[in-house]
Amino acid sequence: MFDTEMLIIGGGPAGLKAALSAAEQGADVLLVDRNPYLGGQLVKQTHMFFGSQKQYASERGVTIAEILTREVLNSDKICVLTDTTALGYFEDKSVALEIKGTFKTVYPKRVIVATGAQENTLIFPNSDLPGIYGAGAVQTLMNVHGVMPGARVAMVGAGNIGVIVSYQLLQAGVEVVAIIEAAPRIGGYHVHAAKVRRLGVPIYIAHTVVEAHGRESLEGITIACLDEKWQPVKGTEIELEIDVLCISVGLSPLTELLFQAGCKMEYVPQLGGHVPYRSENLETTVAGIYVAGDVCAVEEASAAMVAGQIAGLAAAGSLGYKQNNYEAKLKDAKNELAGLRRGPAGEKVRSGLWALTIAAGEAV
Amino acid sequence: MAMIKKKATVVIIGGGILGASVAYNLARQGLKDIVLVEKSYLTSGATGRCGAGIRQQWGTEMNCILSRESVRIFETLAEELEYPYGIDYRQNGYLLLAYSPKEREQFSKNVALQNSLGIPSRQVTSAEARDIVPHLNIDGLLGGAYCHTDGHANPFHVTFAYARAAERMGVNLYSNTEVLSIEKDKGRVCRVVTSQGSIDCEIVVNTAGGHAAVIGEMVGLDLPVYPERHQIMISEPVDAFQVPMVICMSHHFYIQQTTHGSFIMGQGDPNEPKGFNINPSWQFSVELAKKITSVLPHLKSLNIIRQWAGLYDMCPDAQPILGESPEVKGFFTASGFSGHGFMIAPYTAKLMAQAILGEEPEINIDILNYHRFASGQLILEPAVV
């Protein structure tokens with residue numbers, strides 16, 4: 001059992017930024033991540049970021065992870081525990097941790113939950129055959145571990161992750177035979193989609209996977225055209241011979257800890273699923289528990305980093321740590337987050353957020 | 001949701017094992033217009049959270065008979081209820097550990113009582129205990145008791161088997177239906193008001209488990225049943241190596257390996273306050289892990305994958321309250337099972353159905369009427385975890 005002022009759960013872009021922002025104000029931070037490394041999903045992102053200059057535009061995700069990790073490790077205010085899983089938040093306001101196989105409890109004064117999101121999957125006959133992956137998992141396999149997932153790949157989902165991972169597969173020398181998208185349009189940024197189109201990858205819009213085939217592992221799939229009611233049209237089936245199928249059909253916030261802690265939650269499809277009510281300072285309805293990143297709304301890493309700053313600053317401020325230009329920094333971060341969500345790309349998130357924002361001090 | 005019926009003969013409150021099995025037994029006797037209401041979903045309360053052990057090694061005659069007869073029913077229950085999935089019933093035995101001379105003496109009395117009632121339990125030495133559970137650490141162990149026909153069943157399958165059989169005979173089961181009040185007319189129950197509408201009825205059966213006193217209060221009764229949190233945790237699955245359930249009364253824990261290989265274990269906390277809180281605590285897992293690994297050291301390397309809590313419906317003498325209220329006609333209670341409701345439900349439900357239908361129950365259950373609290377005629381069950 002040991003004490004810490006602030007526990008940050010999750011060392012991805014939101015958690016790293018939260019740690020740095022809180023430490024900068026003078027708070028002592030314990031940052032835990034269940035992976036053996038910090039950086040979260042940034043470490044596999046070999047593409048360059050858009051977003052604002054402040055949030056490392058034109059840098060690759062992996063580089064941003066390196067920069068932030070270095071800063072965090074260099075801070076004498078931040079203690080980092082990797083291979084550490086937060087198991088639960090209990091009534092005595094403790095958090096149980098599994099640290100490299102041992103059980104410990106901490107009593108933090110503030111908790112920032114920055115657990116991120118997990119990939120959604122699709123259910124169809126034989127969807128459990130080896131060779132069927134989440135697109136993010138394939139990205140990790142290739143870009144973190146240097147393993148080729150297979151020889152011939154099809155991608156389900158033409159959102160940003162779908163098209164970016166398709167491009168990275170092509171760069172790695174894997175044949176991408178098709179991108180299959182159920183919606184009648186491509187969801188990803190045009191610039192990413194154009195790149196894969198130029199390389200000759202067909203994008204089947206208004207199509208879905210009907211079935212997978214294979215004995216020991218994946219050998220092929222049947223796809224079919226969808227009608228206006230999203231039902232497969234008989235006679236439009238196409239057979240694709242592949243050994244890997246990547247599924248990229250969105251992310252769901254990893255909210256188990258928040259549910260278990262008793263935070264008031266709401267199902268908001270625009271934000272990715274069940275998400276917590278939160279104040280402008282990103283405090284949930286359980287006093288002392290803050291959120292940042294995909295756990296409170298599935299967005300991009302740039303927004304997660306700014307949200308991390310807000311949560312880190314606000315949580316530190318609530319403990320009385322306001323030593324480093326606190327008010328201005330908090331205001332800037334809030335403005336910046338609003339800025340990132342401005343424009344058509346942020347419309348979905350904006351439409352989901354209004355109902356969830358609670359007034360500061362409404363936490364119970 | 002479809003409209004609920006406005007009229008019924010019997011309204012059963014609570015969709016756990018007791019409610020479902022009472023509904024089935026009433027329907028099987030030919031009673032029509034039976035309704036069961038459950039405020040959440042079937043098995044959402046204590047039944048779906050229990051350890052689901054089935055033992056006959058009890059210290060009172062009544063508990064011995066209720067469990068012995070229930071075992072007979074469990075043995076062929078899936079067939080009786082024509083339930084295609086089975087109820088995962090196994091008779092792998094229960095080993096009870098004695099760590100004090102007093103405990104050993106109590107076991108000796110209990111075994112004599114159990115044997116006189118036809119329950120094949122026996123006292124064992126600590127060496128014999130280790131023959132039954134070879135990875136048992138017998139340091140400090142003075143002996144124990146063992147019954148090879150004790151066992152385990154899947155509480156979800158058992159409840160759903162009863163519920164589906166009841167539905168086939170015309171019983172209406174309404175989940176997400178909370179009882180708000182119960183109305184009386186000339187000292188008799190006449191209506192149950194729920195969140196989904198009112199149901200006129202002649203008889204109400206209170207099988208609400210930890211919430212039984214809340215239901216009792218609705219007709220002006222002060223049932224001495226109270227809720228008490230009990231916690232459980234479960235390990236990752238491993239190859240089968242522990243056959244029976246192991247119970248340690250002096251350390252308040254029990255542990256058994258399930259069919260799929262996980263170890264499921266729980267403990268009672270003597271300092272647990274009364275109340276409806278079912279949040280799990282980390283202290284529970286730490287304490288129990290220490291106790292378990294001192295008695296069963298081989299389990300040291302097992303990972304715990306989940307923990308949860310549920311409510312015992314406690315009665316001051318650790319025995320249930322069964323039967324009709326003398327003050328409120330038509331109001332029957334089957335609650336206060338004190339942690340062993342699941343295992344004695346099959347036979348208890350049969351007796352309850354007989355009582356509800358105005359028949360003489362096959363064994364006299366008068367001593368379990370709630371009069372006993374007024375007259376002070378309590379027979380304390382000594383063998384509770």
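Predicted model: local features only at pLDDT ≥ 70, side-chain atom pairs only at ≥ 80, totals over all residues.
Chain A contains nine helices and 21 strands. Its C-alpha atoms occupy a box of roughly 65 × 40 × 40 Å along the principal axes. A compact globule of 364 residues would have a radius of gyration near 21 Å, and the value for chain A is 21 Å, so the chain agrees with that expectation.

The domain assignment divides chain A into two parts. Domain 1 is made of two segments, 2-118 and 251-363, while domain 2 covers 121-247. The C-alpha centres of domain 1 of chain A and domain 2 of chain A are separated by 31 Å. Where they meet, ten residues of domain 1 of chain A touch eleven residues of domain 2 of chain A. The size of an interface is often expressed as the accessible area lost when the parts come together. For these two domains of chain A the buried area is about 870 Å², with carbon and sulfur atoms giving 61% of it. On the side of domain 1 of chain A that touches domain 2 of chain A, five residues are nonpolar, three are polar and two are charged. Zero salt bridges are found across this interface of domain 1 of chain A and domain 2 of chain A. Polar contacts do occur between domain 1 of chain A and domain 2 of chain A, in four residue pairs.

Chain B may be read in the same order. Eleven helices and 19 strands make up its secondary structure elements, and its C-alpha trace spans about 65 × 45 × 40 Å along the principal axes. For 385 residues, the radius of gyration of a compact globule would be near 21 Å; chain B has 21 Å, and therefore agrees with the rule.

The assignment for chain B also gives two domains. The contact between them involves 14 residues of domain 1 of chain B and twelve residues of domain 2 of chain B. Together domain 1 of chain B and domain 2 of chain B bury about 1000 Å², 57% of it on carbon and sulfur atoms. Which three residues supply more of the area that domain 1 of chain B buries against domain 2 of chain B than any other three? They are Arg49(B), Gly210(B) and Ser338(B), which supply 51% of that area. By class, the side of domain 1 of chain B that touches domain 2 of chain B comprises six nonpolar, seven polar and one charged residues. Between domain 1 of chain B and domain 2 of chain B there are zero salt bridges, whereas five residue pairs are in polar contact.

The contact between the chains comes next. Eight residues from chain A and nine residues from chain B take part. The area buried between chain A and chain B is about 620 Å², and carbon and sulfur atoms give 59% of this. Within chain A, the residues that lose the most area to chain B are Phe90(A), Glu91(A) and Phe103(A), together accounting for 66% of what that side buries. The side of chain A that touches chain B has four nonpolar, two polar and two charged residues. The count of salt bridges between chain A and chain B is zero, while five residue pairs are in polar contact across the interface of chain A and chain B.

Side chains of opposite charge can pair when their charged atoms come close. Over all chains, a search of the whole structure finds 16 salt bridges. One of them joins Asp28(A) to Lys77(A), with the closest N and O atoms 3.6 Å apart. Asp28(A) lies in the loop between helix H1 (13-25) and strand S2 (29-32) of chain A, and Lys77(A) lies in the loop between helix H2 (61-74) and strand S3 (78-81) of chain A, so this pair ties together parts that are 49 residues apart in sequence.

Two loop residues complete the description. Asn325(A) has a positive phi, near 55 degrees, although this residue is not a glycine; Asn325(A) is located in the loop between helix H7 (301-318) and helix H8 (326-340) of chain A. In chain B, Lys186(B) has a positive phi of about 50 degrees, again in a residue that is not a glycine. Lys186(B) belongs to the loop between strand S9 (179-185) and strand S10 (188-194) of chain B.

Terms used:
Residues numbered from 1 in each chain as written. Chains lettered and ligands numbered in written order. Heavy atoms only, no water. Domains from an automatic or database assignment. Contact = heavy atoms within 4.5 Å. Buried area = accessible area lost by both parts, 1.4 Å probe. Salt bridge = Lys/Arg side-chain N within 4 Å of Asp/Glu carboxyl O. Polar contact = N/O pair within 3.5 Å; in protein donor to acceptor, adjacent residues only side chain to side chain. Nonpolar A, V, L, I, M, F, W, Y, C, P; charged D, E, K, R; others polar. Helix = DSSP H or I, 4+ residues; strand = E, 2+ residues; numbered from the N terminus. Rg over C-alpha atoms; globule rule 2.2 N^0.38 Å.
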